[in-house]
Amino acid sequence: FTITINSSMATEFHLHIDGSATFVDVDIETGTSVEDDDNEDDLGSSAGTELSRRQIYHQVSNLIESQTELRQKSTGPQSTDPDFKRSRGFLQCCNRIRTAEEHGGDCSTRFDAAVRAALGTFGVYSILIFPDQDVLGAAWIATLFMHANLKGSFGASLLSFRDLSAGILLTTAASYPFAILLQVAGTHVAQFLFPLFSVTLTFLIMSNPHLSTNNLLVAVMHIVLNGAVREKMEHWEPVGYAATFLIGITVALLVNIIPTPNLAVRAVHQKLERFEHDVTMLLMSTKNYADHASEEEPVEARGAAASIEMIYHRLSKIVRELQTIRTGAQVELRSICRAKEPRDKLLEWIEQTEQLLGPLRSIRSALTQRVLGEDHHVYNATAREAKAIIGSEARGSRDRLFDAMIATIAMLNAELDPVSTRHIVLPSVQKELNEATTAFRASFHRAMEKASNALLEKCKTKNTSMPVFAHLTRRMVSFTALLELAESLLRFLDHLSIKEHDEAKKECSWRESCCSILQKKWHFHDPAKFRLALKTAVGMFFGSLFVSVPYLNDIATPFAAWPGLTIASVSLANTGSSFRKASERLYGTLFAAGYALLVSNFFPGSEFYGVKLPAVTVFTFAAIYLQDQEHAYTYLYAAFSCGAMLFGGDSNDFQVSGLIPKRIELIFAGVVIFSFVELLLFPRSSRALVEQQAIQVFEAIQNFANQAVTSVDLIKFHVESKRLKRADHSFEEDQDRFGLEALAESHRALKTLHETLTKELGGAVGEPNFGCGLQLDVSKFQSLSLHAHKAEMQALLILKSLEGLAACCSSESDCIRMDRWPEKYAKFLRDVSYMATFTCEKLLAIYPDGQLRPQNGNNAVQAVIAASSFRQFHDVRLRILSEWSNTVYAEAIGGSESVDMVSVITISIATMHVLDFCREVQLVGKSAEEIAHNFPPAH
């Protein structure tokens with residue numbers, strides 16, 4: 001749609017929705033004009049103009065909300081089409097395809113990917129096979145490079161093309177002298193030197209930090225050297241190989257443009273629109289929740305909470321997808337936007353969407369999660385009265401803030417997205433958002449103060465077992481998260497306005513680029529990458545023996561390079577991933593072999609290229625269309641292998657019926673060699689690492705809790721020193737006087753452990769089981785990893801809360817006027833730290849080697865008893881909740897001064913993060929307890 005607003009505030013509103021006949025005009029005549037005024041005491045407009053501006057933002061918000069799912073009219077239950085019931089066979093398939101999008105299918109996405117892969121296969125073989133040329137060798141492997149460069153967008157393929165082409169040329173140039181040396185050395189000397197050259201070059205390629213897709217480049221090296229050992233190699237053959245590979249990746253680049261451009265910027269445009277709509281729906285659901293939370297039967301509020309949970313997960317997925325396609329969009333924007341500034345602004349807005357997830361996550365947590373006991377008091381009249389007071393006091397400013405945030409996100413999408421066809425010009429968007437934020441903050445404080453006073457009167461006259469003050473401050477988290485969301489948008493608007501006037505930023509010079517490239521360290525100092533390089537080099541040594549050893553060469557001729565190519569392809573960082581790729585390579589080969597044999601028997605001989613090529617194209621389309629996430633490599637390798645089997649033997653007149661079993665045999669030989677190297681020479685069990693890191697997660701949680709106690713004790717000492725007007729000279733020279741740097745380091749350790757656990761868990765799934773240990777319960781370990789991630793997120797929030805608390809305590813105004821709060825908060829964290837230490841000692845006693853597995857005679861009962869100690873975090877949460885509410889109540893009735901809302905909000909939010917941290921730690925322990933359910937009984 002297009003929104004046009006002139007500077008005189010005589011507003012015309014135009015809404016045009018593409019693909020429909022909807023057209024709305026809204027005219028707002030104010031009778032006044034807007035004049036810019038730099039005076040800070042004046043809001044810059046008359047009362048009528050300010051009202052008109054609010055109406056504009058309200059209209060914009062309503063127009064955007066009208067396009068969301070929550071405002072779409074339900075058509076009611078639809079009866080099944082009787083024709084669909086009667087249809088059979090082909091007609092039923094057509095009906096399913098026609099309604100696929102309605103039922104959540106992805107036919108269009110699969111069809112697009114399959115068409116591009118099929119066109120790429122057809123193009124590569126048409127260029128390299130039909131001309132009947134002899135210059136460009138290894139035509140079958142060009143399709144492998146084509147599939148490797150066939151990314152999700154043109155920008156991603158272009159970036160991959162740049163890296164692959166540079167790697168192919170550099171690898172060919174580095175391998176060419178060795179190939180010439182092998183050629184002139186004679187057959188016997190070449191047979192001896194070839195394994196040594198292969199090991200050396202493989203190790204250097206795998207250790208090079210400047211190369212990408214190193215496994216493919218090892219295959220390039222192996223093909224270049226292979227032809228020089230036993231046969232006479234022409235001097236131009238390595239160049240012909242490189243040209244073949246370059247043709248494959250070039251075709252992949254072209255099919256991302258033909259038949260229709262597959263652009264990442266278009267995908268970014270769609271994701272940003274989806275992000276805008278989902279944020280709008282989340283705010284609408286938040287409004288709906290707040291309006292109905294005080295009802296006796298809050299059915300609407302519960303439905304809104306459920307929708308908030310779902311919308312947040314959708315937003316998280318959208319942001320992850322935006323970060324994935326960001327690099328491809330950046331490459332495309334370099335050609336679309338000649339000016340650097342618009343390109344950078346869009347990329348910064350994409351990054352900002354990830355920053356907005358933080359406050360949105362806090363809103364989700366505040367409105368969908370419950371403090372202990374809250375669900376049992378949903379009908380409590382005192383709590384309902386407090387919620388009604390908050391809603392009535394903050395409703396107007398809240399709605400104004402929502403309108404301003406929705407309009408701001410829509411304007412940013414329209415202005416920063418070069419693909420967007422919308423044009424939105426809003427008056428003083430930053431000013432309106434700032435004023436709405438200020439008004440909401442003031443009404444928030446008034447609402448909390450009125451609700452606190454109302455609860456105080458109720459508690460004086462009537463005893464209640466419900467910790468009402470704790471549940472009241474729970475609402476503060478959602479209000480604070482809304483303010484944080486608005487302030488994040490304001491900071492981004494400030495950043496954009498500052499950047500428009502900042503001309504000092506210059507492009508990085510070519511010298512700086514060269515220096516940054518040279519400063520990259522080789523992988524010799526990284527143990528994991530060094531192991532991968534050495535493992536691959538040793539595997540290539542054994543694979544090259546099929547070329548060097550006469551007996552093995554007689555078996556493999558004329559395809560002696562295939563074992564080495566298999567080893568280069570399946571050698572990955574961990575054992576499980578490597579074995580899974582190797583098995584999927586075999587399955588894909590068998591899948592393609594059956595089809596290739598069928599085609600070759602029906603159409604034997606090279607004169608039937610006109611039939612074989614369409615057959616390979618059709619098979620590629622079917623394989624890529626059927627590709628799923630779990631077995632993606634199986635279908636991809638089948639699509640590549642079909643053409644390699646039908647056309648791979650044409651250069652040496654090898655029949656397809658003999659080539660197919662030979663290919664299966666040699667690929668299996670490569671898998672066996674790789675298994676020998678992986679398991680016997682370089683053993684590394686992802687399963688053992690997962691079991692070890694599962695215990696280390698508990699230790700990291702314990703370390704974080706202990707360090708948090710240290711930090712809050714230092715804050716408490718500082719507050720007491722200020723209260724007693726005692727000089728605090730011990731911290732004056734210490735920049736980390738509250739120990740927050742050490743706390744941040746312990747959080748980073750917890751985050752690193754979780755990320756490593758998640759990464760290794762994928763490899764542990766595919767690791768072969770030889771019966772030497774208990775089968776890994778993947779679902780339980782995934783649950784442990786998930787809750788460890790949530791605990792890490794809450795640990796980060798605790799860190800941020802302590803940083804904010806330290807800032808308040810360090811200020812001259814000393815906004816923390818309730819002296820008992822630092823002591824109470826220290827007690828909360830001390831309880832958590834004590835329980836974390838107690839439970840970790842229990843676990844380490846039952847798992848002495850530090851791995852979560854049956855060991856040392858421990859049986860399932862002992863392991864469950866040890867892990868069940870984490871259930872005591874439930875008691876810790878109840879104790880914190882009770883003391884927290886009682887402290888708020890005591891401060892409210894015991895002080896002569898009015899309760900400082902800023903201090904209440906600060907401490908309340910920090911306490912809520914502690915409670916959430918305890919809950920997630922308890923669930924991590926619950927996962928460990930469930931893992932122990934599978935342990936065998938003691939012998």
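Reply: A residue is called buried under 20% relative accessible area, exposed over 50%, and partly exposed in between, with a 1.4 Å probe and protein chains only. The model is predicted: local features need pLDDT of at least 70, side-chain atom pairs count only at pLDDT 80 or more, and totals for chains, interfaces and linings use all residues. Residues are numbered from 1 along each chain as its sequence is written, and side-chain values use heavy atoms, with hydrogens and water left out.

Thr202 lies in helix H7, residues 187-207; helices are DSSP runs (H or I, at least four residues), numbered from the N terminus. With a relative accessible area of 0%, Thr202 is buried. Leaving aside residues up to four places away in sequence, Thr202 touches Val218, Met221, Thr536, Ala537 and Met540, where contact means heavy atoms within 4.5 Å. Leu217 stands 15 residues from Thr202 in sequence, with a C-alpha to C-alpha separation of 8.8 Å.

A nonpolar surface patch of about 390 Å² is formed by Leu204, Trp522, Phe524, Phe530 and Leu534. Such patches consist of residues with over 30% relative accessible area and no salt bridge, nonpolar side chains (Val, Leu, Ile, Met, Phe, Trp, Tyr) being joined within 5 Å and like charges within 9 Å. A salt bridge is a side-chain nitrogen of Lys or Arg within 4 Å of a carboxyl oxygen of Asp or Glu. Trp522, a member of this patch, sits in the loop between helix H16 (510-518) and helix H17 (527-548). Because its relative accessibility is 32%, Trp522 counts as partly exposed.

Terms used
Areas by Shrake-Rupley, 256 points an atom, 1.4 Å probe, with all protein chains shown as cover. Helix = DSSP H or I, 4+ residues; strand = E, 2+ residues; numbered from the N terminus.
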